[in-house]
Amino acid sequence: MERKSRRSFLGAAGAAFGSAFGLQGLSAAVQANSSPYRRPKLKITDVRTAEVRVHGHQTHVRIYTDQGIFGEGEATDAADGASAIIQRRFRRMLIGQDPLNIDFLFERMRTGGIFAGAQGGQYVTALTGIEIALWDLAGKATGLPVYQLLGGKMRDKVRMYCDSARHEPNTPAAEEMLSWIRDEGFTAVKIDCDDRNNPHRHDPVNWTASNREIDYMVERVGYVRNFFDRDIDLAVDGHGRFDVPSGRRLAKEFEQFELMFFEEPVPAENVKAMRDVREITTTPICCGENRFLRHGFTDLFEANAVDVIMPDIQKCGGLLESRKIADAAHSYYIPFAPHCVVSPIGTMASAHVCAAVPNFLALEWHWIRDLDIWKNFVQEGEIFSKGWIEMPDRPGIGVTMNEEAAKSRQVPGTPWFEEWKY
Ligand code: MG
């Protein structure tokens, strides 16, 4: 029996289609479509931004290509002025480049700014929006979800925690919000303990806590702790307000509540002060939303200053940078619980990192007071269920902006993915 070789098959195909396309052209097309080394060839053609204000300020970044696909990223908190940095500096560095060389482009933009503030703040946050858009683009170009490009999934769903700020104990408003959180199925909650209007404060600037001020905070944390069953974890945020003596007293007082973590009892800039709080308490100390890049976290690890880290993935350097930070933390056996105050686009981008790293603990969600815009911000609608995000198989980040809803929160006077005039 005659066996057809690949060569004879191509020969037969060539005979059939040769008159229309030419043998050489057909052979090249078959080769191009069967090669295991086939990869998309793309060039960046433009970079544009849009700014919204929901929980703080968010800058959305789109990177366009010559193949019609674009990637979308989001930056926040240090995002005031991010559009100007992107348009005046990063755009010209990106146009004409292959968007799949993400780490190369990131390093080029970072090191290109070492005399322009590339160690933190707005510079890194603007770079973060670009980095996340490049990952979305890479996923769309290769047909893979971003977690696959970050090393693959450790878990199919990502645990969220709900940040609900402050609560006045035993009030209808507090009961209503905390009941909603419980009924939604969240397994972890965060509240604030610092309160500028605490009636026992003695000074409008200094945050040294008085006895009564501490009692006031302990009562509020105790109320929320007692509201939930023990299987719902509780975290408390100090927003880096207090000095070391007050931070230490609060951390000791909070030991009775067995917190998931106490976040930034003292400012984040001085890692030794953070360590001074940590070393006298069994309350786990968390820090990170105001640190940038790997370098900002290395200091925390080397100083033994933290039990939990919470990089803001839309601020500290982006998806791969956060993966590197999480991996460094893992070598110190420190869990990773990212700060997150962004739209479903940024939240889902963060979830891809959380799905991919071994030491993930929980991901923040902070739009509880903006439910309407939260549910409508992307075309896919609500992205979590019962306090968990089920990771999508769609290419890229896996959600698409609902322009009409998002634009309703546009920062007045800013472009909406239009060409910059300056
Ligand atoms: Mg915080």
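Trainee: What share of the contacts in the protein chain with a separation of 6 or more comes from residues 24 or more positions apart?
Mentor: Such residues account for 71% of those contacts. Keep in mind that this is a predicted model. The protein chain has 422 residues, of which 55% count as buried. Its C-alpha trace spans about 90 × 55 × 45 Å along the principal axes.

Trainee: How many helices and strands does the protein chain have?
Mentor: Its secondary structure comes to 15 helices and eleven strands.

Trainee: How do you know that the span of helix α5 agrees with its number of residues?
Mentor: Helix α5 covers residues 121-142, which is 22 residues. At 1.5 Å a residue, it should span 32 Å. The C-alpha atoms at its ends are 32 Å apart, so the two values agree.

Trainee: What makes α5 largely enclosed by the rest of the structure?
Mentor: A residue is buried when its relative accessible area is under 20%. In α5, 18 of the 22 residues are buried, and therefore the helix is described as largely enclosed.

Trainee: What follows α5?
Mentor: Gly 143 follows α5, with a positive phi near 75°.

Trainee: How does the reach of helix α8 compare with the value expected at 1.5 Å a residue?
Mentor: Helix α8, residues 211-227, has 17 residues. From first C-alpha to last it reaches 24 Å, close to the 24 Å expected.

Trainee: Why is α8 called mostly covered?
Mentor: Twelve of the 17 residues of α8 are buried. Among them are Tyr 216, Met 217, Val 221 and Phe 227, and also the charged residues Glu 213, Arg 220 and Arg 225. The cover over the buried residues of α8 includes the helices α7 (172-184) and α9 and the strands β5 (188-192) and β6 (233-237).

Trainee: Where is Asp 231 found, and why is Asp 231 called exposed?
Mentor: Asp 231 is in the loop between α8 and β6. Exposed means over 50% relative accessible area. Asp 231 has 60%, so it counts as exposed.

Trainee: What makes Gln 256 exposed?
Mentor: Its relative accessible area is 52%, over the 50% cut-off, so Gln 256 is exposed. Gln 256 is found in the loop between α9 (244-253) and β7 (261-263).

Trainee: Why is α11 called roughly parallel to α12?
Mentor: The axes of helix α11 (residues 293-302) and helix α12 (residues 319-330) cross at roughly 15° and come within 9 Å. Angles under 35 degrees count as roughly parallel. The crossing angle falls under that cut-off, which means that α11 is roughly parallel to α12. Their crossing is right-handed.

Trainee: Which residues of α11 and α12 meet?
Mentor: Leu 293, Arg 294, Phe 297 and Phe 301 in α11 meet Glu 321, Lys 324, Ile 325, Ala 328 and Ala 329 in α12. Six of the residues in this contact are nonpolar, three are charged and none is polar.

Trainee: Why is Phe 90 called buried?
Mentor: Phe 90 has a relative accessible area of 0%, which is under the 20% cut-off, so it is buried. Phe 90 is found in helix α3 (residues 82-94). Leaving out residues up to four places away in sequence, Phe 90 touches Ile 85, Met 109, Tyr 123, Ala 126, Leu 127 and Ile 130. Phe 90 and Gly 112 are 22 residues apart in sequence, and their C-alpha atoms are 9.7 Å apart.

Trainee: Where do Glu 264 and Phe 417 lie?
Mentor: Glu 264 is in the loop between β7 and α10 (271-278). Phe 417 is in the segment after α15 (403-407).

Trainee: How do you know whether Glu 264 and Phe 417 are buried or exposed?
Mentor: The cut-off for buried is under 20%. Glu 264 has 2% relative accessibility and therefore counts as buried. Phe 417 has 7%, so Phe 417 counts as buried.

How values were computed
Residues are numbered from 1 along each chain as its sequence is written. This is a predicted model: local features need pLDDT of at least 70, side-chain atom pairs count only at pLDDT 80 or more; totals for chains, interfaces and linings use all residues. Side-chain values use heavy atoms; hydrogens and water are left out. Helices (H or I, at least four residues) and strands (E, at least two) are DSSP runs, numbered from the N terminus. The expected span of a helix is 1.5 Å times one less than its number of residues. Buried means under 20% relative accessible area, exposed over 50%, partly exposed in between (1.4 Å probe, protein chains only). Axes are lines fitted to C-alpha atoms, for helices over the stretch in contact, and angles run from 0 to 180 degrees between N-to-C directions. Angles under 35 degrees count as roughly parallel, over 145 as roughly antiparallel, 65 to 115 as roughly perpendicular and the rest as oblique. A crossing is left-handed if the near helix is turned anticlockwise from the far one by less than a right angle, and right-handed if clockwise. Contact means heavy atoms within 4.5 Å.
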